[in-house]
Amino acid sequence: MTTAPHCVTDEIFLNMGPQHPSTHGVLRLMLNLDGERVMHVEPDIGFLHSSMEKVAESLDYRQFLPYADRFDYLNGMGNELAYVRAVEGLLGIEPTLRCQYIRVIMAEMNRIASHLVYYGTIGMDTGATTPFLYCFRERERVIELLENACGQRLLYHYFRIGGLRNDLPRDFCTKLRAFLHDFPPRIKEYEALLTKNVIFRHRTEGVGYLDPAVARGYGVTGPMLRGSGVDNDLRRADPYYIYPELEFDVPVLPEGDVMARHLVRQEEMRQSVRILHQCLDKLPAGEINVKVPRRLKAEPGESYARVEGPRGEIGCYVIADGTDHPYRLHWRAPSFYNLQALPAMCGNAYVADLIAILGSVDITLGDVDR
Amino acid sequence: MRQRPDHNPLHLLGLICEGIWSLLVGLYITGLNFVRPGVCERYPRRDGRPDYQPQPGYRGDFALIGDPERPGGLRCIACLQCANVCPDKCIHIVPTGAGKERHPAQFLIDAGLCQYCWMCVEICPVAAITMTPDYETSTDKPTRLIRDLEHLQARGRDLPEVLRVETEGCAAEAE
Amino acid sequence: MEILKLIDNWLRGAMTTWFTGHVPLIFVDILAWIVATVVILLFVSLLALILIYLERKVAAYIQGRIGPERVGPWGLLQTVMDALKLLEKEDIVPAAADHLLHTVAPVAFFMISVLGYLVIPWEETVTIAKFVDLNVGLLYLLAISSLAVIGVLMGGWGSNNKWSLLGAMRGAAQMISYEVPMLLALICVVLQAGSLSLGVIVDQQKAMGLLTWNLWHPWLWLPLIIYLVCATAEVNRVPFDIPAAESELVAGFHTEYSGMKFAFFFLAEYANLFMVGMLFATLFLGGWASPFGYPDPLHIPGVLWLLFKAMLVVIFMMWVSWTLPRLRVDQLMSLAWKLLIPASFLSLVVVSIVMLYR
């Protein structure tokens, strides 16, 4: 910026949040602005800290399960999956095949629901209010199916160690198929309304570039990493359950900007639909639960399980000390790591870009602060 | 790195066409949704429509299932398993009687602490406690969220069994 | 606006019989002006309330919602209730705010938006400003609408809030930039009509109703689009709502306003919006003239035609604004300076040539 020599300009310090419409919760961004340009941005987190890792140490392995939903409240099933896999690894339990299928179905449905929230909020962040409500309309159908299966809309507590709360409800598969039939045309609709809109493209293309090396350095995972051209999807890279048997593509785009991340997520919704179709076709009959002792006591040891959530790698690290509760539990929350890359993406951005970039990180504050 | 779109005059012409096209497409889609039936549920005033029903098996407010043949008119044997398994420790039971006569003299659930995780229902050896689809639990006073024996008993009087969702497994058994 | 004429006539008649010889005639004039002002203020406020209701309903249906439906039949009284609520709310002035500017800004913004209504021809030979018979109506209108930026700046600066300041700066830059292509686009219409008087512009279109509207002149299509784009930017609507971009600047220049002051900003925004609709109807859709020929075979008062046409334009603008995302500041500027201004110059040349050889 050039100014006349006699003119003294100064940067403004601006607190964006913790109460701000677009910080997706209680996130505070400390901004230094030069006019509309963001010179420096520093995320200040911790407003939603609930010390859940500490809570885990005072509860037994089963009791902590409902808390796992509450890390990333838009992706309850994915969190449960990570926790259940970690504890089952600790205890050496292998779930039945039907249980694995149902778990994958639930996780993929939750991925669709979570990406729909992203899709709506990125529209809100760039000023288009309408896609938000369309996305929530479709999300409502997913949520209703999940509610039908486990009795709650967000905090499911559906998985159990060694199995599931209950089998799939009657007509679940028919309803899910009906949704899968209706959903792809709706994605097309959103694509025409938002993704292909010339204003949205100009708002997002070339904005918030994240270098692949920087992304790896920050531990960024999920759609953000794949939007930067790194082919890393745990469903492929470190497959678990039945994923090796399923056919799906992992969208990877090299551009590394907001639009690339947006397109990755949009494509992932389509791929999730593909996965769900295959799961429903292959769903085997049989038991869903394996027998586990009533009182779970793990031998001293440790276990780390990671799954691919909608925001990236959800990791759960459990250390057992021979009692019925974890000695220590660590949660690798994808939103937390992804958010750290925010300053790296905001070079030379406008305030409006910052909002779009933050939207494209797709954080859940419950996940960031834990 | 993708370059920001440039604004030289030749490209601008293409941009105008693109802009008009995406405006028309957008108007078409929003117009289409204008005439599509809405999906909103009216709440809390239903204006004569039937009350909103959550999906079957919804985990809502609590009830204790009644059994006229047992003391206290409850199935509950006050074994305290639910109180112990509860992750939030929101169940408080005062047992009375001994042996087969054991039943709760008081049964308190703090629904404000509860996270509706279903563990108490799962662990109950006599299937005495259940969650109902009652979703309207909000009040203006936190103490009103504490459910006492009277409330739980009244809600559960007509419930024959724990409310579960019908699963495919049930269907197979029925056949 | 027959009513205005009636009121005016009645007042003058009554006053002169009551006070003959006691008061100079100037007082009668002043009283008539005051009554006219009150009527127009009421009209604009009522209109804004209706528009807010309409906007909420249009937005709701577009988004698959229901919209207001509780207060009054079909929720018609919702906005009235909202206005009453704002009226009784506490008026908060931040401690560090410039008290005077903070208070004056909404009033200025609202008054400026109302002033435009004076020169619109409501009916044949009737404008509210008939007392001063303005033959440069369009010029006056443009002058007035460019004043609106003062209200925005005063509000933004006087609030002593960084969000407000950013919003006000954005608003000032935007309104001033879009003033230029709008003016140039409107000059094309003036060339077509040969007059700056809005009444004359309508007179030129009324002869055969629908067929003689300015809308059908191909050389006016480019100015028409430019005007519509600029007007959308002038009234700060999506995709040009960056001064009050709620996802970026909380509420932009009116972040610190509450109660009736906020209501003034809100009402003024909708008054401006309807002003755009009326001006568009006047310039391109034959204003008060019936679309079925002159004189109107249906005998519908011209003012109703004008309101109807303006309402259609406004609904279209609402439809657009609930469809599109928002532009960024620099894109907004480059759109105005690099695209709209050259395009408006081009259309000026084209229209001039067409007028020369017609």
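Chain A and chain B meet through 33 residues of chain A and 34 of chain B, counting two residues as in contact when their C-beta atoms, placed from the backbone, lie within 7 Å. On the chain A side, helix 5 (130-150), helix 6 (172-195) and helix 7 (198-204) each bring at least two residues, and helix 5 gives the most, with seven. Helices here are DSSP runs of H or I with at least four residues, strands are runs of E with at least two, and both are numbered from the N terminus.

A quick word on the model: it is predicted, so local features need pLDDT of at least 70 and side-chain atom pairs pLDDT 80 or more, while totals for chains, interfaces and linings use all residues. Residues are numbered from 1 along each chain as written, with chains lettered from A and ligands numbered from 1 in the order written.

Now for chain A as a whole:

| Feature of chain A | Value |
|---|---|
| Helices | 15 helices |
| Strands | nine strands |
| Box of C-alpha atoms along the principal axes | roughly 80 × 45 × 35 Å |
| Buried share of the 370 residues | 55% |

Buried means that 20 or more other C-beta atoms, placed from the backbone, lie within 10 Å of a residue's own.

Over in chain C, helix 10 (residues 259-284) has 26 residues and spans 38 Å from first C-alpha to last, close to the 38 Å expected, that is, 1.5 Å times one less than its number of residues. Of those 26 residues, 23 are buried, so helix 10 of chain C is largely enclosed by the rest of the structure. Just after this helix, C:Gly286 takes a positive phi of about 75°.

Technical notes
A residue is buried if 20 or more other C-beta atoms lie within 10 Å of its own, exposed if 12 or fewer, and partly exposed in between; C-beta atoms are placed from the backbone.
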